[in-house]
Amino acid sequence: QVQLAESGGGLVQAGGSLRLSCAASGRTIGTYALGWFRQAPGKEREFVGRITRVGSATYYVDSVKGRFTISRDNAKNTVYLQMDSLKPEDTAVYYCAARRADNVPYDYWGQGTQVTVSS
């Protein structure tokens, strides 16, 4: 099975940028579809975006479209979440997740990384 570890979170001012990384170990990420989720205090976990296993197509929740970009580097066994034009409402713990195909539940989760956007 694959293990996931997020990094790159931190404190940033509104309008700034951060790039989150999700490093995989145990298995190559090339065999997984990957997603990013977030959970703000007092709220349920929310889907942010995903990248398909084949073709690396990307999909995003409307609230981040045009601001966030997901990419994968199979050689580095890492998936990224580039976040630009950050807003205070983007503040949350961000998680990456992996699944064996594009139409099954996510089986593997990282521990999360905190992103705080100040106004």
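The questions and answers below concern this predicted model.

Biologist: Which residues of the largest nonpolar core touch the most other members?

Modeller: This core has 29 residues. The residues that touch the most other members are L4, W36, F68, L81, M83 and Y94.

Biologist: With which residues is L81 in contact, leaving aside neighbours within four places in sequence?

Modeller: L81 is itself among the core residues that touch the most other members. With neighbours within four places set aside, the contacts of L81 are L18, R19, L20, W36, F68, T69, I70 and Y94.

Biologist: Is R38 buried or exposed?

Modeller: The side chain of R38 meets that of E46 in a salt bridge, at 2.7 Å from N to O. E46 has a relative accessible area of 30% and is therefore partly exposed. For R38 the relative accessibility is 6%, which is under the 20% limit, so R38 counts as buried.

Biologist: How many residues apart are R38 and D90?

Modeller: R38 and D90 form a salt bridge whose closest N and O atoms are 2.9 Å apart. R38 lies in strand β4 and D90 in the loop between β8 and β9, so the pair links distant parts of the chain. Both residues are buried.

Biologist: Which residues are linked with R38 in a network of salt bridges?

Modeller: The count of salt bridges in the model comes to four. Among them is the pair of K65 and D62, at 2.9 Å from N to O. The network links R38 with E46, R67 and D90.

Key: Residues numbered from 1 in each chain as written. Predicted model: local features only at pLDDT ≥ 70, side-chain atom pairs only at ≥ 80, totals over all residues. Heavy atoms only, no water. Core = buried A, V, L, I, M, F, W, Y, C linked by side-chain atoms within 4.5 Å. Buried < 20%, exposed > 50% of the residue type's maximum accessible area, 1.4 Å probe, protein only. Contact = heavy atoms within 4.5 Å. Helix = DSSP H or I, 4+ residues; strand = E, 2+ residues; numbered from the N terminus.
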